[in-house]
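Biologist: Before we begin, could we go through the terms slowly, and set each value beside the rule behind it?

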Amino acid sequence: MSGLDGGAPVSSRVPSVDPLERSAVARLRVYRSKPGVEAAPRFETYEVPASAGATVLDALLWIRRQRDPGLMVRHSCLHASCGTCGMRIAGREALACVTFLDDLGAGEITVEPLANLPLVGDLVVDMEPSYARLRAVGRPLVRESEICPEAQPAEGIAEPTRFEDCIECGLCLSACPIVATDPRYLGPAGLAAAWRSVEEPRGSAVGRVLALADDEQGVWRCHTAWECTEACPSNVDPAGSIMRLRRAIVLGRGAPSDGPRTEGPGPKRCNDERTRTTGQP
Amino acid sequence: MSERERLANRDAAPSRPLDRRRGVAGWVDPRGRRLGGWAFILNRVTGIGIVVYLYLHLAVLSLLARGPEAWDAFIAVALSPLFLFFDVVLLAGLLIHGLNGIRVTLTGFGLVLDAQKALFVALMVLAAIVLLVGAIRLVEVA
C-alpha cells in the first residue's frame, strides 16, 4: 500500500494545480468490503470534485484524503507502468491512474476491485494467484529483441534494458470468463509469458514450457473471448499469444517435448507495427 | 511433486478465499463486453441451445416408433406459426454457432488473428442474410 498523500496534489499531469480543484462533480459508486471485519460488501457513493485531466485514481485518493481514510486503494507509479492500480471501472478492467473521469460520461461511475482474485479489502486484491501462474511458466522479465538501434540510454547506462511488456496488473485474469469458473486455468498472463519463452527462448527450456501449455488447463481451456487482449493496458495480446501457442503445439506434435530449444520462431523487430503500438523503447 | 502436480495444486489452498470469482455470471455478464466477449457469449448460449435441441429432436423422432398417427399429429403442430418461429430461432443458433466456429477454428490454429474481429462481423452478416432467406423459405413451405 502506498500513497498516503496528506493533501498533496496527486497527479503530475496538471502541474502546480490540484486536478481535483473544483470545476465539476463526478459521482463514484465504490465497492467497499473488509473481509473478516465487515459483515457484507456494500457500495458507497461519493461526490468528487473533478476537473479536466482528473483520473479515477485522483478521485479515489481524494475520497481517501477528504471523506474516508479507510478506503483501501493500491497504486504506485501513476503512469501505467507498475500495474498496481488495476480495478473494474464502469464494468471494464482498467488502470485507474490512466482512466480519465472525462472519458466515463456524466453518469454514476461504478468502481470495483478486480474480479477472480482474492479480495484483501475494498479495491485491493491479492495478486499471488496471478504471480503463481507467471512463476509456473518461468516468465521472462528482460527481452533481447526490440531494442531499437537509435535508442539513447540514460547517462551512466552502457546499454538500454528492454523489459517484457507485461506489467503483471492482473486485468486479463479479471476480464477472462474462463478464469471466472476455473481456478486451475493457467490463464492469459501466464500463457502470454509462456509464448514469449517460445518466441524468444533466451536459453529457457521451450519443450517444458510447451508441455505446460499443452494441457487441459493450458491453451486448450481458452474459449477465445479475447477479453484479455482488450483489457491489457500494455499491448501484450494474451489471446493472440495463446492462439500462437496452440499453433506451435499442434505443429510440434510428435517431436520431443521435454528438451530445451534454442531457436524460436523469431522475435519481433523494433520497428514492427506491434512494437510501435507498445509505446516502449 | 512434479511440475504438473504443483500447477494442479497451485490454488488448492489459497491464502484467502476466492470470494471475487465471478462464476458462471462471468460467462454471460454483458457489462463491458467487447466484440470477442459477445462472440463468446453467443457461442455459449447457442451451443447450449443446440445441445438441448438435439435431445428434443431425438425425442420427436421417437414418435416414428408410435405409428403414422403420432407422427402426423406432430407435423400438424410443427406447421403452426409458433413452431415455425422456433424453427427460425434454431436456424439462427445453428448459423451463429457454425459460422463463428469457423472463426474459432481458424484463430485456434494461429490464423487470421489480426482480422478476427472483421471476420466475426463478416460471418455474422452472412448469418443474417442466410437467416433471412431461410426464414422466408420456411414461411413459404409452411
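Biologist: What percentage of the 142 residues of chain B count as buried, and what makes a residue buried?

Modeller: In chain B, 28% of the 142 residues count as buried, because the word is kept for residues under 20% relative accessible area, with over 50% called exposed and the range in between partly exposed (1.4 Å probe, protein chains only). This is a predicted model, in which local features need pLDDT of at least 70 and side-chain atom pairs count only at pLDDT 80 or more, while totals for chains, interfaces and linings use all residues. Residues are numbered from 1 along each chain as its sequence is written, chains are lettered from A and ligands numbered from 1 in the order in which they are written, and side-chain values use heavy atoms, with hydrogens and water left out.

Biologist: How do you know how many helices and strands chain B has?

Modeller: Helices are DSSP runs of H or I with at least four residues, and strands are runs of E with at least two, numbered from the N terminus. By that rule chain B has 6 helices and 0 strands, so its elements run α-α-α-α-α-α.

Biologist: Why are β3 and β4 of chain A called a pair?

Modeller: Two strands pair if DSSP finds at least two bridges between them; β3 (residues 86–89) and β4 (residues 92–95) of chain A have 4 bridges in the antiparallel sense, and therefore they meet the rule. One of the bridges joins G86(A) to L95(A). The two strands form a hairpin with 2 residues between them, and A90(A) in the turn has a positive phi of about 50°.

Biologist: What makes a space a cavity and not a pocket?

Modeller: On a 1 Å grid over the protein atoms alone, a cavity is a set of points where a 1.4 Å probe fits but cannot get out, whereas a pocket is an open set with protein on both sides within 12 Å along at least five of seven lines.

Biologist: Which residues lie nearest the centre of the largest cavity?

Modeller: Of its 15 lining residues, those nearest the centre are C166(A), C169(A), C172(A), A189(A) and C232(A), where lining means having an atom within 4 Å of a point. Helices α3 (171–175) and α4 (187–199) of chain A each give two or more residues to this lining.
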